[in-house]
Amino acid sequence: MIVGDWPAVTVARCWRVMHVRWWIRRVASNRKPRRKILAVSSGGGHWVQLLRLRPAFEGDDVHYLTVNPSNRADVVPHPFFTVRHASRWNKFGLIVLAVQVLWVVMRVRPQVVVSTGAAPGYFALRVGKLLGARTIWLDSIANAEELSLSGRLAGKYADLWLTQWPHLAKTEGPKFAGTVL
Amino acid sequence: MIFVTVGSQIPFDRLIRGVDDWAGSRGYTDVYAQIGPSDLKPKHIQWSQFIEPDEFQRRVAEAKAVVAHVGMGTIITALELGTPILVMPRKATLGEATSEHQLATAKHLIEHSRVTLAVDEHDLVEKLDHIDSLAAGGTLGSQASPTLVDAIRGFIDEVPNGY
C-alpha cells in the first residue's frame, strides 16, 4: 500500500465492516424484511371491520389511519394517524380530508394500502396507487343491496376489490372472498 | 340493564322515543341510552349523547340486551361479546340516514347471524316486550372468516417488500 491510498482503503474497510454487521444482524434476528401496510377506515363499523382483518397483516408493519383519536387504544403499539371526518355531503371537508390523507400516505410510504371504507379509504387507495402501492378495498358488510359509493369509485384503484355479499360479486369485480363475520 | 345506542353521527329519535315511551308505560327503567347529537330529553331512562369506545364496550358486555340502529360496529361488538341484539333500521325518507340501506342490511344479516329485527316503532314495542327471551348472538370469534383472511394475506404475500 502506498501512502496516498489510505483514504480509499479506510473507506472500503469501513464499508465492509458495516455491511457484514448489517448482514449478521439480519441473520441473527432471523427476521424477514417486513412490508409497510397502511390500514385505513372511517369510524364506527368501518373501523370494527378493519380490526377483524388484523390476522391478515401479521408479520408486516401495520400503520393505522382513521378518524377517531380514541381508537388508538385498539391498536397500540402500532403507528396510528387520524384525519378529520367527512362525507360526500361536505365538499370542503372532503378536500381537507384528501390533503390530510395525502400527507399520511407520503409519510408512511406503504407497499400495501387496505381499506374497509369510506371516504378516507378511497383517498388513501388513490394516493397509494399513485405512489406505487398495491391496494385492497373491502366494501363494508353494511352494503348488502348495492356497493357503497366509495366502494364503486375505489374499484378503479383497487388491485384486490372485494364485496362481502356473494350476490354483489361480478366477473369484472368486485369479488367475494368471505366476510368479516 | 338494556343498552340503547344509535352511533355518534346522526340522531335516531324514533328509536329513542320508542324505547323511552315503552320504558315509561311498562315501568321498566333499567335502560341506558346513547342518543347521539339529538335535542331529545328522554324522561324514563338514563341517557347521554356520546360515550367513549371503552365505555361502549363495557356497556355492551354488561347489558342483558342491546337495542340499536343497524350499525355494523354495534352489531359486531354485540356478537363478539355474546349480548343479544335487537335492531331497528333508519329511514332516509325521515331524515334518519343518508341512504336507505339499513333495512336491506338488516334483512340480509338476520339470515346469517343472530340479530333480531324490529321493522318500525310499533314492531319495536312488540319486540321489547319479549326482550328477556331474545336469543344471544352466540360466540363470534375476534377475526374475519378464514377465507377472507387467507385471500387478503395471500394478496399481501405477493407484494414485494421494498428491501
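This is a predicted model: local features need pLDDT of at least 70, side-chain atom pairs count only at pLDDT 80 or more; totals for chains, interfaces and linings use all residues.
1. Now turn to chain A and follow its strands. Seven of them form an open sheet, and the order to trace on your screen is E3-E2-E1-E4-E5-E6-E7 (chain A), with parallel pairing. E3 and E7 of chain A are the edge strands, since each pairs on one side only. As background, strands of a sheet pair through backbone hydrogen bonds, either parallel or antiparallel. Helix H3(A) packs on this sheet and touches E1, E2 and E3 of chain A. The direction of H3(A) makes about 160 degrees with that of E1(A).

2. Strand E1 (residues 36–40) of chain A runs parallel to E2(A), and five bridges join the two. Two pairs you can look up are Lys36(A) with its bridge partner Asp61(A), and Leu38(A) with its bridge partner His63(A). On the way from E1(A) to E2(A), the chain passes through helix H2 (residues 45–51) of chain A, and this β-α-β crossover is right-handed.

3. **Strand E4 and its two partners.** Strand E4(A) runs parallel to E1(A), with four bridges between them. Val40(A), for instance, has Ser115(A) as its bridge partner in E4(A). Four bridges also join E4(A) to strand E5 (residues 134–138) of chain A, again in parallel. Here Val112(A) stands opposite Arg134(A) in E5(A). To get from E4(A) to E5(A) the chain goes through H4(A), and this β-α-β crossover is right-handed.

4. **Which way do the side chains of E4 point?** In a regular strand the side chains alternate between the two faces of the sheet. You can check this pattern on strand E4 (residues 112–115) of chain A: Val112(A) and Val114(A) point one way, while Val113(A) and Ser115(A) point the other way. All four of these residues are buried.

5. **The nonpolar core.** The largest nonpolar core has 90 residues, and Ala124(A) and Val19(B) have the most contacts inside it. Helix H4 (residues 119–130) of chain A gives the most to this core, with six residues. Val19(B) is worth a click. Setting aside its neighbours within four places in sequence, Val19(B) is in contact with Val4(B), Val31(B), Ala33(B), Ile45(B), Val67(B) and Leu128(B).

6. **Backbone details to look up.** Most residues other than glycine have a negative phi, and most peptide bonds are trans. A cis peptide bond joins Val76(A) and Pro77(A), with omega about 10 degrees, and Pro77(A) sits in the loop between E2 and E3 of chain A. Another cis bond runs from Gly173(A) to Pro174(A), with omega near 0 degrees. Pro174(A) lies in the loop between strand E6 (160–163) and strand E7 (175–176) of chain A. Arg109(A) is not a glycine, yet its phi is positive, about 50 degrees. You will find Arg109(A) in the loop between helix H3 (91–108) and E4 of chain A. Is Arg109(A) buried or partly exposed? Because 14 other C-beta atoms lie within 10 Å, Arg109(A) counts as partly exposed.

7. **A loop in chain B.** Finally, find Asp39(B), in the loop between strand E2 (31–34) and strand E3 (46–48) of chain B. With 8 other C-beta atoms within 10 Å, Asp39(B) is exposed. Asp39(B) and Gln49(B) are ten residues apart along the chain, and their C-alpha atoms are separated by 9.2 Å.

Key: Residues are numbered from 1 along each chain as its sequence is written. Chains are lettered from A and ligands numbered from 1 in the order in which they are written. A nonpolar core is a set of buried Ala, Val, Leu, Ile, Met, Phe, Trp, Tyr and Cys residues joined through C-beta atoms within 7 Å. A residue is buried if 20 or more other C-beta atoms lie within 10 Å of its own, exposed if 12 or fewer, and partly exposed in between; C-beta atoms are placed from the backbone. Two residues are in contact if their C-beta atoms, placed from the backbone, lie within 7 Å. Two strands pair if DSSP finds at least two bridges between them. A crossover is right-handed if, with the strands pointing away from the viewer, the path from the first strand over the helix to the second runs clockwise. Axes are lines fitted to C-alpha atoms, for helices over the stretch in contact, and angles run from 0 to 180 degrees between N-to-C directions.
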